[in-house]
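Here is a short briefing on aromatic rings and nonpolar cores. Keep the structure open as you read.

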Amino acid sequence: MSIIPQDFYSRDAVIVAEALIGCELHINNTAGLIVETEAYRPDDPASHSFSGPTQRNRTMFGPPGHLYVYRSYGLHWCANIVCTPGSAVLIRALQPTLGIELMALRRGMTDIARLCSGPGKLTQALDINKEMDGLPLTSGPLFVTNYLSRVVTIAGPRIGISKAVEQPWRFGLDKSPFLSRKFTTKVVSGSGRMP
């Protein structure tokens with residue numbers, strides 16, 4: 001396994017969202033295999049960046065390969081990875097791989113399949129909060145590594161949004177029991193991985 005370099009993220013968010021499936025997100029002493037993502041582009045009415053830079057979304061317009069953290073509906077934090085300016089990939093679900101007991105303690109549950117099966121669940125399990133907004137994902141306590149060399153990725157419409165819902169920019173690891181919600185669409189080929 002090797003840490004994914006910054007230029008991996010300097011691409012269209014849809015390409016990066018698919019390419020991240022099967023990679024491993026590490027935060028301090030916890031980690032999980034990325035099994036579900038969603039892409040958001042700057043010209044996308046469902047994206048925080050659609051109306052331009054604000055205090056809330058300024059990280060989306062910064063350098064690629066940084067964490068963009070925001071609170072969703074005032075309830076839970078969501079973790080995104082910045083791609084090209086104004087675009088990001090929402091990490092929707094993980095398969096826990098490291099620090100599982102700590103994740104279970106933070107979540108108050110022991111069902112491993114449900115520990116990180118949603119954006120708010122995984123941020124609680126990995127203790128991701130607003131203080132991590134803007135941190136790089138290429139060194140230190142936060143990083144992403146290549147993990148699975150061969151993956152079968154599935155795609156479908158994004159969920160939990162009210163605009164541009166028809167875009168098939170939600171990606172998942174085929175047959176994973178750790179997804180936030182099942183897919184009912186086609187299999188996608190090509191992961192966009194960089195050697």
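Buried means under 20% relative accessible area, exposed means over 50%, and partly exposed lies in between (1.4 Å probe, protein chains only). This is a predicted model: local features need pLDDT of at least 70, side-chain atom pairs count only at pLDDT 80 or more, and totals for chains, interfaces and linings use all residues. Residues are numbered from 1 along each chain as its sequence is written, and side-chain values use heavy atoms, leaving out hydrogens and water.

**Aromatic pairs**
- Rings of Phe, Tyr and Trp (its six-membered ring) pair if their centres lie within 6.5 Å; planes under 30 degrees apart are stacked, over 60 edge-to-face, and the rest tilted.
- The structure has 2 aromatic pairs.
- Phe 8 and Tyr 9 have ring centres 5.1 Å apart and planes at 80°, so they pair edge-to-face.
- Phe 8 is buried at 2% relative accessible area, and Tyr 9 is buried at 0%.
- Tyr 68 and Tyr 70 have ring centres 5.4 Å apart and planes at 35°, so this pair is tilted.
- Both Tyr 68 and Tyr 70 are buried.

**Nonpolar cores**
- A nonpolar core is a set of buried Ala, Val, Leu, Ile, Met, Phe, Trp, Tyr and Cys residues joined through side-chain atoms within 4.5 Å.
- The largest core holds 48 residues, and Leu 20, Ile 34, Leu 126, Ile 128 and Val 144 touch the most other members.
- A second, separate core has 8 residues, including Met 60, Tyr 68, Cys 78 and Ala 88.
- In soluble globular proteins, nonpolar side chains tend to be buried together.
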